[in-house]
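Here are a few friendly notes to read alongside the model.

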Amino acid sequence: FLQSLAEARPSGRFIGFDPHGALESPCPNVELRRVLFDPEQHLAELRPDLLVSRHVLEHLSDPLGFVQSISFGAAVNGLRPLLYLEVPCIDRALETQRTEDFYYEHNSHFTTESFSRMLARSFG
């Protein structure tokens with residue numbers, strides 16, 4: 001995903017955070033860091049225009065706290081980055097009682113309503 005963004009916007013700078021990820025990128029404008037994203041530290045250091053989190057929040061034990069730390073870190077640093085958050089939605093699984101959609105590695109599950117509330121509490 002990050003490589004595709006970098007190829008579409010070669011003048012941009014892209015940084016990926018994954019403590020278990022690759023060490024090097026094939027794209028010259030992509031930097032990979034083998035650490036967790038720390039909003040307090042990394043927002044101040046990098047001053048991003050865009051933050052993308054794809055299929056991360058459902059693995060956290062406190063996704064609300066993490067999203068609120070992004071909101072706080074952005075405010076403290078005078079930033080207003082665009083934020084793209086992608087998580088699995090369990091609305092349909094609940095409607096159809098599909099229990100196989102609940103994965104053990106997901107500490108958190110989101111309905112449309114619960115996800116919207118989390119964002120409202122963080123960015124109100």
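1. A word on naming to begin with: helices (H or I, at least four residues) and strands (E, at least two) are DSSP runs, numbered from the N terminus. Please keep in mind that this is a predicted model.

2. With that naming, N107 sits in the loop that runs between α4 (91-96) and α5. Which residues does N107 touch, leaving aside its neighbours within four places in sequence? They are E58, H59, L60 and S61. One of these, L60, is 47 residues from N107 in sequence, yet the two C-alpha atoms are 5.9 Å apart. The N107 side chain also reaches the backbone oxygen of H59, at 2.7 Å.

3. The largest nonpolar core has 14 residues, and L57, F110, F115 and M118 are the ones that touch the most other members. Both α3 (63-76) and α5 (112-123) supply at least two residues of this core, with α3 giving the most, five residues. For M118, setting aside neighbours within four places in sequence, the contacts are L57, P63, L64, V67 and F110.

4. Now to the surface, where F1, L50, V52, L82 and Y84 form a nonpolar patch with about 490 Å² of accessible area together. Strands β3 (50-54) and β4 (82-86) each contribute at least two of the patch residues.

5. Why does V52 count as partly exposed? Because its relative accessibility is 36%, and partly exposed covers values between the 20% limit for buried and the 50% limit for exposed.

Definitions and conventions:
Residues are numbered from 1 along each chain as its sequence is written. This is a predicted model: local features need pLDDT of at least 70, side-chain atom pairs count only at pLDDT 80 or more; totals for chains, interfaces and linings use all residues. Side-chain values use heavy atoms; hydrogens and water are left out. Patches are made of residues with over 30% relative accessible area and no salt bridge: like charges are joined within 9 Å, nonpolar side chains (Val, Leu, Ile, Met, Phe, Trp, Tyr) within 5 Å. Accessible areas come from the Shrake-Rupley method with a 1.4 Å probe; for residues, only the protein chains shown count as cover. A salt bridge is a side-chain nitrogen of Lys or Arg within 4 Å of a carboxyl oxygen of Asp or Glu. Buried means under 20% relative accessible area, exposed over 50%, partly exposed in between (1.4 Å probe, protein chains only). A nonpolar core is a set of buried Ala, Val, Leu, Ile, Met, Phe, Trp, Tyr and Cys residues joined through side-chain atoms within 4.5 Å. Contact means heavy atoms within 4.5 Å. A polar contact is a pair of N or O atoms within 3.5 Å; within protein, one must be able to donate a hydrogen and the other to accept it, and residues adjacent in sequence count only if both atoms are side-chain atoms.
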